[in-house]
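Dear colleague,

Please read the notes alongside the coordinates.

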Amino acid sequence: MATAATKSFKNFIGGEWVDAASGETFESRNPANGETIGVFPRSSAEDVDRAVEAAKQAYEEWRLVPAPRRGEILFRFGQLLAEQKDDFADLMAHEMGKVLPEAAGDVQEAIDMSFYMGGEGRRLFGQTTPSELRDKFNMSVRMPIGVVGVITPWNFPIAIPSWKIAPALVCGNTIVFKPATDTPLLGERFVELLAEAGVPAGVVNVVHGGGGEVGDRLVRHPDVPVITLTGSRETGVAVLRNAADNLKHVHLELGGKNAIIVLEDADIDLAVEGIVWSAFGTAGQRCTAASRVIVQEGAYEELQKRLVAVAEKLRLGPGWEEGVDVGPVINQGALEKIHSYTGIGKDEGAKLLTGGEIAGGDGLGDGYFYRPTIFGDVDPGMRIAQEEIFGPTTALIRVRDADEAVRVSNGIEFGLSSSIFTRDVNKAFRAMRDLEAGITYINAGTIGAEVHLPFGGVKGTGNGHREAGQAALDVFTEWKSIYVDYSGKLQKAQIDTPS
Ligand code: NAD
């Protein structure tokens, strides 16, 4: 419960900290013990409209700031974040539940992204090409688009905002940011630091509140031409539909049902390590989590035995405590959803090898903890092998050979991350070619993306865009082709044919 000592926070609009117009609030809670982290404005369409207006006004000046100067602000932001990395990680362990090393990794990703995109300030390359006519010069340049609506989930509360906000800013756009309601304080701190780094008033605004109110208004607002959303598939479909009337650019990063393939020739110890990290890291709440393990039959028994043994030794606890391997899941709803999939798996006839329980006792009573869960003898068509559970649950699937493994890996509606453990270079290269996913790892788990490569997925994971790397710039810019005729006469393309 909130007490008199509980700190209240505000929206950030046009450089001012302001309450929601309605005066309503909501609380952010620590998922490990239920304590209140802070009280935040429960905003509505009116607050979004004010923020969009501020961002629209700020855009007129920000788009003219030279891109290298915009990049320098990102360098300063990256530096400030590096100096405060431990504080941010500690806050993340408390507000979101990640264990400290992973929380520090989340912050590091934002530091890396800020420096990478800061460097884009001196690139943002276009092209120059010859003209088909004499005395004419052709080039293409990237143009900023305007106000970007940034809508983020809670599972990477610092990294994901940076994947969107850093490239959007360096390209010359302004921002209205709606953080997830489970991690508003991290969103608030992120924006506060951007302002400290020198982002001018109105260029980045934050409006707290729910997806159905704040998010939806951003998606429908006629003055927000770009929406970038990371979230569930269901949310992505709704957002795409709701943005259609205004023909917006909609960039979607959605769910996954990622698999690790282990062939008989693999280094099994390495595979077990990779699976444990990918399936149970962040309590399985990563879009790239390995929620399926596809094992060639000769390796199945050994892998299953070793995996269960390691999973049973994982220590659950609050993310900020030393020696804890698995933190809590985000909230009561997530806990119930994860547990319901244990029931579904059992009903479908899969064999529960370990876990499958809400964890209590040993000081875990007030938090949302779930035991690392492994199902064996899973059929690829079962719901636990098809649907995103977003918790510490993984499904072992037995296959005959590498071809069947790739078919099973591809046999889902998502296409985010994929992995294969093998020492056979031919099989590895075939998998690189044939796995239907935006990311493929060889002899590593399904997680570990680096900021300078494109990140995103195929099929139901997205709509063809990518974040990170050069690819991210395409979300936040429009191409303009420019023709400069210095011949002094009217030359007609496709009609005049100069010798
Ligand atoms: P979610 O879809 O419930 O919410 C994501 C964001 O969308 C939140 O800020 C929410 O308030 C907002 N939202 C919800 N309904 C909306 C609407 N109608 N209009 C506008 N905004 C709306 O997802 P979540 O539970 O926060 O996050 C988990 C999901 O995110 C998982 O499916 C996971 O796979 C996915 N995810 C994907 C990636 C990726 O890069 N592909 C990365 C992380 C998480």
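Predicted model: local features only at pLDDT ≥ 70, side-chain atom pairs only at ≥ 80, totals over all residues.

The axes of H2 and helix H4 (residues 100-120) come within 8 Å of each other and cross at roughly 160°, and because angles over 145 degrees count as roughly antiparallel, H2 is roughly antiparallel to H4. On the H2 side the residues that meet H4 are Gly71, Leu74, Phe75, Phe77, Gly78, Gln79, Leu81 and Ala82, and their counterparts in H4 are Val107, Ala110, Ile111, Ser114, Phe115, Met117, Gly118 and Gly119. Sorted by class, this contact of H2 with H4 has ten nonpolar and six polar residues, with no charged residues.

Helix H2 (residues 67-83) also packs with helix H5 (residues 159-170), here at an angle of about 150° and with the axes 8 Å apart. H2 and H5 are therefore roughly antiparallel to each other. The contact is made by Ala67, Arg70, Gly71 and Leu74 from H2, together with Ala166, Leu169 and Val170 from H5; by class, these residues of the contact of H2 with H5 divide into five nonpolar, one polar and one charged.

The crossing of H7 and H8 is right-handed, and the contact is made by Asp216, Val219 and Arg220 of H7 with Val239, Asn242 and Ala243 of H8. Among the residues of this contact of H7 with H8, three are nonpolar, one is polar and two are charged.

Turning to the chain as a whole, the domain assignment gives domain 1 as 11-254 + 462-481 and domain 2 as 258-442. The centres of domain 1 and domain 2, taken over C-alpha atoms, are separated by 31 Å, and the contact between them takes 22 residues from domain 1 and 26 residues from domain 2. The size of an interface is often given as the accessible area lost when the parts come together. In those terms, domain 1 and domain 2 bury about 1,900 Å² between them, with 62% of it on carbon and sulfur atoms.

Conventions. Residues numbered from 1 in each chain as written. Heavy atoms only, no water. Left-handed = near helix turned anticlockwise from the far one by under 90°. Helix = DSSP H or I, 4+ residues; strand = E, 2+ residues; numbered from the N terminus. Contact = heavy atoms within 4.5 Å. Nonpolar A, V, L, I, M, F, W, Y, C, P; charged D, E, K, R; others polar. Axes fitted to C-alpha atoms, helices over the stretch in contact; angles between N-to-C directions. Parallel < 35°, antiparallel > 145°, perpendicular 65-115°, else oblique. Domains from an automatic or database assignment. Buried area = accessible area lost by both parts, 1.4 Å probe.
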